[in-house]
Amino acid sequence: MTSTSSNADQPVAVLDLRSLPRPQRHLMVFRQYDALHPGECFELINDHDPQGLLYQFQQAVPGQFSWTYRILGPVDWHVLVGKEGQVEAPRRDDCCGGGCG
């Protein structure tokens, strides 16, 4: 999924990877992704096009994420990464689920 819209326009977090050592970057991104609820997104900021990270997402969680470029370099890249899936609807009743009747 390369240019699909995220379920949420407002990121729940911003993850700036520019100051992190390269070996830690992908780990931090996947930790942030794992913390998302379906329908949420975060913004990552990187000092190069994160194509390798996109490929890693395609292998690890195919069809379960969105990837939307907000800024395409040349100095910084900003990408919204979202978690796809059903957003749980809020309960509309006061039932406890115990067989009210």
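Modeller: This is a predicted model. In it, Asp16, Arg18 and Asp76 are linked in a network of salt bridges.

Biologist: How far apart are the closest N and O atoms of Arg18 and Asp16?

Modeller: Arg18 counts as partly exposed, at 33% relative accessibility. Asp16 is partly exposed too, its relative accessible area being 30%. The two form a salt bridge, and the distance between their closest N and O atoms is 2.5 Å.

Biologist: How many residues apart in sequence are the parts tied together by Arg18 and Asp76?

Modeller: Arg18 also forms a salt bridge with Asp76, with the closest N and O atoms 2.8 Å apart. Arg18 lies in the loop between β1 (14-16) and α1 (22-35), whereas Asp76 lies in the loop between β3 (65-72) and β4 (77-83). The pair therefore ties together parts whose separation in sequence is 58 residues.

Biologist: Which residue forms a salt bridge with Asp47?

Modeller: The closest N and O atoms of this pair are 3.0 Å apart. Asp47 lies in the loop between β2 (41-46) and α2 (51-60) and its partner in helix α1, so the pair ties together parts that are 22 residues apart in sequence.

Biologist: How many salt bridges does a search of the whole structure find?

Modeller: For the whole structure, the search gives a total of five.

Biologist: Is His78 buried or exposed?

Modeller: His78 is found in strand β4. Leaving aside neighbours within four places in sequence, His78 is in contact with Glu43, Leu44, Ile45, Thr68, Tyr69, Arg70 and Ile71. Its relative accessibility is 14%, and the cut-off for burial is under 20%. His78 therefore counts as buried.

Biologist: Why do the buried residues of α2 line one face of the helix?

Modeller: The buried residues in α2 are Leu53, Leu54 and Phe57. They line one face because, seen down the axis of α2, they fall within an arc of 105°.

Notes:
Residues numbered from 1 in each chain as written. Predicted model: local features only at pLDDT ≥ 70, side-chain atom pairs only at ≥ 80, totals over all residues. Heavy atoms only, no water. Salt bridge = Lys/Arg side-chain N within 4 Å of Asp/Glu carboxyl O. Buried < 20%, exposed > 50% of the residue type's maximum accessible area, 1.4 Å probe, protein only. Helix = DSSP H or I, 4+ residues; strand = E, 2+ residues; numbered from the N terminus. Contact = heavy atoms within 4.5 Å. Arc of directions from axis to C-beta.
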